[in-house]
Amino acid sequence: MVFERLRAGLERTRSHMRDMLNTVLSGGRRVDDELFDEIEETMIQADMGFATAHALVEELRQRCRNERITDSEAVMPLIRDVVEDRLRQGTSDLLTDQTPAVIMIVGVNGSGKTTTCAKLAHRFRTDKKRVILGAVDTFRAAAIDQLEVWAQRTGADIIRHQEGSDPAAVAFDAIAAGIARRADAVILDTAGRMHTRSDLMKELGKVRRVAGKALPGAPHEVLLVLDATTGQNAMRQAEEFQSVTELTGIILTKLDGSARGGVVVSIVDQLGIPVKMIGIGEGMDDLRPFDAAEFVEAIFG
Amino acid sequence: MRRLRGRGKLTEADVNAALREVRMALLEADVSLPVVKEFTNRVKERAVGIEVLKSLSPAQHVIKMVKEELINMLGGEPAHLQRGGGDTSVLLIVGLQGSGKTTSAAKLALHLRKKGQTPLLVACDTRRPAAIKQLQVLGKSINIPVFTQGDRPSPVDVAQAGVGHARHQGQDTVIIDTAGRLQIDDDLMQELEEMKSMVKPDEILLVADAMTGQEAVNIAGEFHRRLGISGVILTKLDSDARGGAALSVRSATGAPVKFAGVGEKMDAFEIFHPDRLVSRILGMGDVLTLIEKAEQSFAEEEAKDLERRLRKQEFTLDDFLSQMKQIRKMGPLENLMGMLPGMDRMKGQVDLSQSEDEMKRAEAIINSMTVVERRQPVVIDASRKRRIARGSGTRVQDVNRLLKSFEQMRHMLKNVGKLERELKRGGRFPQL
């Protein structure tokens with residue numbers, strides 16, 4: 001069922017990629033340079049990036065040679081294999097066996113952090129877990145109000161300070177409240193920031209350190225929220241957030257559009273940061289665990 | 001023979017070789033593949049057979065053409081907002097979720113008021129929780145009125161009421177902030193079509209995230225098909241994204257990018273300059289270097305002169321200043337770093353904004369010196385230092401620091417000169 005929903009969410013992406021690939025691969029074409037060039041272009045259009053697409057196609061070329069594949073129709077399963085291999089590195093579930101599990105949500109402006117926090121809270125609440133939302137975004141106008149609305153709708157508690165107050169202090173209080181109230185999860189909604197702003201990145205590092213002081217071992221998850229429409233800059237985002245917060249995973253949002261999110265293939269492959277969840281719609285249930293096989297299956301059909 | 005003489009006409013092979021590089025650069029900058037293909041084909045058609053300029057290599061010549069074509073493609077000159085015939089101009093802001101519509105709406109309002117207009121912000125995002133509140137808070141911070149009817153009525157009704165309100169109050173510009181939506185969400189796109197037919201906007205501005213990837217062409221294309229986009233606001237240009245999406249959006253809509261969002265503050269909003277973005281798209285690495293070379297070959301004479309004077313140890317503070325200006329002309333230091341091989345990774349890790357400030361200060365200090373002082377810094381005594389510090393709005397310590405680093409640079413250059421002479425004489429590589 002999960003699979004069906006994912007497929008539905010990704011249908012547009014899927015049919016698009018599949019159509020393109022089918023056009024490329026159809027009709028018993030010869031497996032030659034021209035074919036590989038076209039496969040590479042298809043991958044580039046999925047935002048996999050020039051370098052990654054090139055490397056993947058080289059690998060594909062090698063395998064076709066080794067397995068003496070001469071019919072273009074037989075190339076498809078190999079494409080799936082090659083991409084899935086890259087995505088599999090380190091894919092894992094959310095670490096939620098701690099009590100409370102402290103989950104810190106980070107990302108650039110407009111990637112969908114607050115909405116993702118709400119969906120995560122909803123997931124925990126559906127399992128009858130106790131959730132605390134920490135309104136750590138004290139910068140953006142009305143961000144706290146937005147999270148407050150979500151707290152009410154999902155039945156989570158919210159810890160908030162004034163707009164403009166110290167984000168690290170909110171994080172500390174949220175975790176302290178999580179411990180006191182025996183919550184299962186504390187979700188910290190941090191302010192969006194450009195990864196190029198060294199001052200704001202330092203601030204984020206501080207939030208992370210202070211979380212560790214409130215509860216040794218916290219945060220247990222630091223998740224980068226990545227907009228699937230983002231192109232090659234996503235790699236830079238991942239690198240920079242990684243260096244200040246030690247990311248434990250990625251949440252890929254807005255996959256319900258026609259965006260393909262292929263850049264995560266490069267990120268998983270080159271930085272070893274697993275994709276943990278994907279957002280495939282505006283509904284509260286539309287945040288799903290990531291599964292490499294499903295993802296590739298959904299994209300390539 | 002021809003190769004010996006160098007130049008001649010651009011052959012197809014020359015063009016193809018250079019365009020391969022360009023293609024790679026554009027794709028890495030997230031320009032959509034169909035746009036890249038169309039573009040390179042066009043350049044190829046124009047370039048083959050053209051006489052190569054004397055001072056350039058064939059590759060440099062092609063890339064010079066590429067840069068010109070890209071600037072043309074983005075519209076050449078900065079574009080301005082259109083005003084309709086009526087007293088009240090209506091601007092409709094549309095885009096995907098998270099592209100930055102609400103922030104841009106407020107920034108645009110501030111920008112227009114600075115130009116003497118009296119804008120009204122209308123809050124039509126009734127979907128996202130607290131979106132109206134966000135616009136209200138922003139409006140209050142810049143002291144611009146915000147019209148809202150809460151999140152109950154339909155956005156189309158709010159928009160209409162807002163425009164009516166502005167007319168009644170005699171405000172000359174209405175900026176309508178709408179909810180973010182996917183271009184493939186038929187219901188919500190229909191809502192915008194309806195809003196358009198009711199309020200008859202003078203401009204429909206698409207807010208596009210500069211970090212968008214290959215999808216940009218489809219997003220913009222669909223918004224344009226449904227609504228007819230008249231201009232684009234390119235946001236988040238303060239990231240280090242190369243911003244190739246601008247080309248995709250332009251090619252899909254034909255509409256010019258009119259404004260750029262460059263930061264979180266309300267005044268971090270600029271009129272968009274196509275030529276600046278082109279340098280950034282071609283941006284880091286070899287391609288830009290090639291172009292810079294192509295454009296600056298005329299400056300070679302100047303460089304030779306400097307070299308000659310260096311050898312003679314005549315390097316003055318004037319030269320120091322012109323070197324600094326050269327560097328600043330090439331753009332922010334952050335971007336320059338990216339051009340150096342291997343430095344790309346270091347971007348963002350070193351705080352370069354400080355060095356930029358320092359450079360500005362140094363320029364001010366040198367500008368406050370007399371001609372004699374610039375040529376012969378030895379004459380600068382304590383009293384002159386105090387005067388220079390006053391003139392440049394700095395402190396005597398700053399003047400001292402500048403003079404010291406100038407001395408160091410002169411010393412370093414002297415050694416380079418020596419080293420070169422040694423090597424030319426076929427001498428041993430001197431110990432440094």
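Me: In which sense do strand 1 and strand 4 of chain B pair, and over how many bridges?
Reply: Two strands pair if DSSP finds at least two bridges between them. Strands here are DSSP runs (E, at least two residues), and helices are runs of H or I with at least four, numbered from the N terminus. In this predicted model, strand 1 (residues 89-95) and strand 4 (residues 173-178) of chain B run parallel over five bridges. B:Leu91 stands opposite B:Ile175 in strand 4 of chain B. Residues are numbered from 1 along each chain as its sequence is written, and chains are lettered from A in the order written. Local features need pLDDT of at least 70, side-chain atom pairs count only at pLDDT 80 or more, totals for interfaces use all residues, and side-chain values use heavy atoms without hydrogens or water.

Me: What is the strand order of the sheet in chain B?
Reply: The open sheet has eight strands, ordered 3-2-4-1-5-6-7-8, with mixed pairing. Strand 3 (146-147) and strand 8 (269-271) of chain B are the edges; each has a single partner strand, so one side of each lacks a neighbour in the sheet.

Me: How many residues does each chain bring to the contact between chain B and chain A?
Reply: Contact means heavy atoms within 4.5 Å. Chain B gives 39 residues and chain A gives 45 residues. By class, the chain B side has 14 nonpolar, ten polar and 15 charged residues. Here Ala, Val, Leu, Ile, Met, Phe, Trp, Tyr, Cys and Pro are nonpolar, Asp, Glu, Lys and Arg charged, the others, including Gly, polar.

Me: How many salt bridges cross the interface of chain B and chain A?
Reply: The rule wants a side-chain nitrogen of Lys or Arg within 4 Å of a carboxyl oxygen of Asp or Glu. It finds five across this interface. One of them joins A:Glu41 and B:Lys37 (2.8 Å, N to O).
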